[in-house]
Each structure stands twice: as C-alpha cells, then as structure tokens.
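Subject: Structure for your review

Dear colleague,

Please find below the structure that I am handing over to you. The findings follow directly after it.

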Amino acid sequence: GRLEDEREALDATLPERLHKSVLQMAVEGKLVPQDPADEPASALLDRIREERAKLIKEKKIKAPKGGESVIYLGSDGRRYEKRGKGEPVCIDDEIPFDIPEGWEWARFESVLYNRDAERIPVSVAEREKLEKRYDYYGASGAIDKVDKYLFDKPLLLIGEDGANLLARTKPIAFMARGQYWVNNHAHVLDGLSEVLLEYIALFINSISLAPYVTGTAQPKMNQAKMNSILIPLPPEEEQARILKRVAELKVLVTNR
C-alpha cells in the first residue's frame, strides 16, 4: 500500500542523500583524519600564487580584478580578506563552518586558473559535417564528437548555464581527460594538480550553487560569481585521502 510506496521512494533517494552527507563531511574535514605531518594548505596556496604569477607574465591568463585575494585568520580569531593593496575586510559572516588546522579558506579564483577564453562553440549544423573523433563537451558532459581538439590535459569543467545548475540531477563539476573540445556552456579550469581539480569538483558538487546563479528562466553562473565561491582547502595529501575515501564510500552507498 501507501506506506510501502513511501518507503520505496525513500529507499530510492537514500543512496543520493547518503552520498551528499559523505561529501558534506569530506569538505568539512570530518571524513578522514588530519595528519600533522602533511604540508599545510597555506604552502599549497603559495605554490599556486607563484604559478599564477608565471602564467600572468607569460600572458596565458589575466591578473585577478582588484588584485589577488588573501584570506587569513586575524589575531582576534576572525577571518579577514585582503585584495591587492586594499584594506583587509572581515568576512566572518561568509564563512559557513569551521575548518581543521592546516586547512585554509580561499576564493575559487585564488585556487584555480581560468581557461574560458580558449573555448569555441561549434553549431550543430557544423558538427554534423565533422568526423567524430574527439569528445565535444557542454554544460553536463560530452554531448558530441568533433574532428579536432582544443585541450590536451586533464581539466575541470563546471557547467555555466542550464537547469542543472539548480536541479543538480547530474554532477555540475566533472573532469575531462584526453584530447577534447569544450563549447561555451562549461567553464574550463586548470590547476596545480589533478588531485586539486578533483577535490574542487567534489566540493562544488557538495554545495548549493543557488547563491551564485543569476536568472531563473535561464540559470547561469558567470565567471565573477563562480570566482567568489569560498573553498575550504585541505593540504594536498589530505585531498588525496578524501578523494579515495569518498570513492570507496560511494561504491558502498550506491552499489555501483
């Protein structure tokens, strides 16, 4: 009867709900133990900044608007953000939860390098004439194949527009590997390591993007909004442990 139907409906959503709480625990530092021997996330952020400076100098990426964001813990125990030469601003009201020692809060734009400028859309009509060789990615994954590629390394793609930004029936952040093409419906992000990109994907898939989305009929998450997302950044060794544990638990939870 009705109760059985309700229980079946509940059972059907249980794996998804469990996976969601696993992701939540993971990004709050509650899924795997911290190791004081890990290099702290602050050192990782330093390396990311060095690489960014190099890429800006080589004109491969643009300098962040308003200067680089640096978030730190003040002597009063509150979090402050300093941009370029500006005055530090207290951002405590933006911090959603406490993070373990060795972790850092950082703006999305401070952690990854944006490669959206290299995307090129190809119309359906044009694609019909092409030999199907390389994956052609859109907002929710590969949607076609084309005869040339734009990217030739593992990169993180995040859907830029479409109902899935709010509905989240599919992961909004996913890795693209091999040689492939990306249209203008997915943000393209590069980073210091594949582990870092995978951890950011996990984080983005664990949060609601509603605060960063504009438009309701045509939801869109533009670069500026995406760049403002606060990331709880663990040490790189811990990122690897988190990813491994989440993968193990996903198999248990979803039986696949």
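Pro15, Leu18, His19, Val22, Leu23 and Ala26 of helix H1 meet Ile242, Val246, Leu249, Lys250, Val253 and Thr254 of helix H8, where contact means heavy atoms within 4.5 Å. Helices (H or I, at least four residues) and strands (E, at least two) are DSSP runs, numbered from the N terminus. By class, this contact of H1 with H8 has 9 nonpolar, 2 polar and 1 charged residues. Ala, Val, Leu, Ile, Met, Phe, Trp, Tyr, Cys and Pro count as nonpolar, Asp, Glu, Lys and Arg as charged, and the others, Gly among them, as polar.

The model is predicted: local features need pLDDT of at least 70, side-chain atom pairs count only at pLDDT 80 or more, and totals for chains, interfaces and linings use all residues. Residues are numbered from 1 along each chain as its sequence is written, and side-chain values use heavy atoms, with hydrogens and water left out.

**Helix packing**

Two packed helices are described by the angle between their axes and the distance between the axes. Axes are lines fitted to C-alpha atoms, for helices over the stretch in contact, and angles run from 0 to 180 degrees between N-to-C directions. The axes of H1 and H8 cross at roughly 165° and come within 10 Å. H1 is therefore roughly antiparallel to H8; angles under 35 degrees count as roughly parallel, over 145 as roughly antiparallel, 65 to 115 as roughly perpendicular and the rest as oblique. The crossing of H1 and H8 is right-handed. A crossing is left-handed if the near helix is turned anticlockwise from the far one by less than a right angle, and right-handed if clockwise.

Helix H1 (residues 2–27) also packs with helix H6 (residues 194–206), at an angle of about 125° and with the axes 9 Å apart. H1 is therefore oblique to H6. Their crossing is left-handed. In this contact, Lys20, Leu23, Gln24, Ala26 and Val27 of H1 meet Tyr199, Leu202, Phe203, Asn205 and Ser206 of H6. The residues divide into 6 nonpolar, 3 polar and 1 charged.

H6 and H8 pack with their axes 9 Å apart, at an angle of about 55°, and are therefore oblique to each other. The crossing of H6 and H8 is left-handed. Val195, Leu196, Glu198, Tyr199 and Leu202 of H6 make the contact with Glu236, Gln239, Ala240, Ile242, Leu243 and Val246 of H8. This contact has 8 nonpolar, 1 polar and 2 charged residues.

**Pockets**

On a 1 Å grid over the protein atoms alone, where a 1.4 Å probe is used, a pocket is an open set of points with protein on both sides within 12 Å along at least five of seven lines; lining residues have an atom within 4 Å of a point. Grid points are joined across faces, edges and corners, and a volume is the space filled by probe spheres set on the points.

The largest pocket holds about 690 Å³ of space. It is lined by 24 residues, of which His19, Leu23, Pro171, Asn205 and Lys250 are the closest to its centre. H1, strand E9 (173–176), H6 and helix H8 (236–254) each supply at least two residues of this lining, and H8 gives the most, with 5 residues. The lining divides into 13 nonpolar, 4 polar and 7 charged residues.

The second largest pocket has a volume of about 600 Å³. Among its 21 lining residues, Lys62, Ala63, Asn114, Gln223 and Asn227 are the closest to the centre.

Yours sincerely
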